[in-house]
Amino acid sequence: MTTPEPTTTRDAWATRAGFILAAVGSAVGLGNMWRFSYVAAEGGGAAFVILYVVFVTFIGVPLMTSEFIVGRLSQESPVVAVRRLGGSGWAPLGWLFVVCGFGILSYYSVIAGWTMRYAVDAVRNAIAIDTEAYFGSVSTGWPAIFTHLAFMAMTVGIVVAGVKRGLERTALILMPLLFLMLLCLAGWAATLSGSGAGYGYYLKPQLGELVDPDIIVLAAGQAFFSLSLGMGALMTYASYLRSRENLGREAGTVAAADFGVAFVAGLVVFPIVFHFGLGETIGLGGAISDNTVGTLFMALPTGLHSLGGLGNVVISAFFIMLFVAAITSAISLLEVVVAAVIDGWRWTRTKATIVFGTLIAIGGLPSAFSIDFLVAADKFVGNFLLIVGGFFTSLLVGYRLLPQADAELADGLDSVAARRTWAYLVRYLAPVVLLIVMILMVPVVWDAIKPVIGLTG
Ligand code: TRP
């Protein structure tokens, strides 16, 4: 997919498709299926979905464009890029990126571990009919620790061995397959009785909920997480661009693909939830519980069990592909951390990857022991800190770098009107909205942290 440039030591994408597919590989992951279904279940369905689309379109795409601009402009890894372009006062933003990569990967790996477990157990016909009990038994404690460590070991192995590109190529085949499979599953789910109620919950908004701060906050956080925004991850990919790509259009393409996968996943999950009466079990639209976090992991096997042996094959195939999607995302998270250590401390790639991979694996242990901890980490790092990162990225690009950034964007995007719109969104809309979201998010994050530090009975 990539070829070394003869004139420099830095790789560059051979094709536009190579760049886009790699960025899609980072964006599409557990966020689209595990997280999207659990947050849609938590946030009352349709209102959340609509607000999510609004955030992706008006904040997500312009900010992704900004991250692409910083990457291509600097031709550097994210932490070096913000310091070099912004000046040393912006160095803390780079450190924030590293904290986010570290923090997200630590619990992301636990969930990726669940997918491995499901993939293996489905072929062994070992997923109990009582999927709630089964999820409970594999999602925390020693089974979860074992699969979490296995997943981290594989991620580290891939990044050390440099077979990243081979893996990306595999992902390019498996991800379209995953999408195709989702479409088939959605078609099947449509035939279930009760699917209408599922669609109603998922697609018919209660207007009042559109202004519910809790739901606004969930939608904003999900947009950042799912699009891999707010921690410089996408800067890396754009730093390997040389050609005159239209960065705005590329961001739109990546966001559309990412949304498509999440949306179809919802079309699978919610009819199943309603047909099999799982609403109460997962606490649909109510207070978040361990089971809410397991929405995907309970709904899918419950639905497919009804198909007998064929169902097991489908569950297994589904979770294998979800695992591949997770590992391409995990690589992009680890890469931000590793690149910073290599550039900052002059460590070798192998040393940086092994040492920090190990630290991240240790950092994930509490999430493997307690879903409360996992949720708190997800809300604090995976939502709040990404929004903070996005807020400062919009300030950096919209104020400190605007003329350069606009010139960089113009390389590939001729339309002055489009560039003005982008600049407006990045300078005014994004910082204002993200500041409000940050403030609204404080109580939500605090609620998730309280049980972890023992403040609620
Ligand atoms: N977007 C990925 C997902 O949906 C997760 C992810 C990968 C990510 N890299 C990231 C999230 C960088 C935030 C920032 O599964």
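This is a predicted model: local features need pLDDT of at least 70, side-chain atom pairs count only at pLDDT 80 or more; totals for chains, interfaces and linings use all residues.

Before I start, I need one cut-off: a residue is buried when its relative accessible area is under 20%, exposed when it is over 50%, and partly exposed in between.

**Entry 1: aspartate 121**

I looked up aspartate 121 and found it in helix 5, which covers residues 91-123. Is aspartate 121 buried or exposed? Its relative accessibility is 2%, so it counts as buried.

Next I checked what its side chain pairs with. I found a salt bridge to arginine 117, 2.8 Å from N to O. Both residues belong to helix 5 and sit four residues apart, about one turn of the helix. Arginine 117 has 27% relative accessibility, so I put it down as partly exposed.

I also noted a polar contact of 2.5 Å between the side chains of aspartate 121 and arginine 124. Then I skipped the neighbours within four places in sequence and asked what else aspartate 121 touches. I got Ala126, Ile127 and Tyr134.

**Entry 2: the salt bridges**

A reminder from class: side chains of opposite charge can pair when their charged atoms come close. How many salt bridges does the count come to? I got 12.

One of them joins the side chains of arginine 72 and glutamate 408, at 2.6 Å from N to O. Arginine 72 is in helix 3 (residues 46-74) and glutamate 408 is in helix 20 (residues 402-410), so this pair ties together parts that are 336 residues apart in sequence. I checked the burial of both partners. Arginine 72 is buried at 4% relative accessible area, and glutamate 408 is buried too, at 14%.

I then looked up aspartate 406, which has a salt bridge with arginine 419; their closest N and O atoms are 3.0 Å apart. Aspartate 406 lies in helix 20 and arginine 419 in helix 21 (residues 416-449), so the pair ties together parts 13 residues apart in sequence. Aspartate 406 comes out partly exposed, with a relative accessible area of 24%, while arginine 419 is buried at 13%.

I placed leucine 180 in helix 8, residues 164-190.

Note on methods. Residues are numbered from 1 along each chain as its sequence is written. Side-chain values use heavy atoms; hydrogens and water are left out. Helices (H or I, at least four residues) and strands (E, at least two) are DSSP runs, numbered from the N terminus. A polar contact is a pair of N or O atoms within 3.5 Å; within protein, one must be able to donate a hydrogen and the other to accept it, and residues adjacent in sequence count only if both atoms are side-chain atoms. Contact means heavy atoms within 4.5 Å. A salt bridge is a side-chain nitrogen of Lys or Arg within 4 Å of a carboxyl oxygen of Asp or Glu. Buried means under 20% relative accessible area, exposed over 50%, partly exposed in between (1.4 Å probe, protein chains only).
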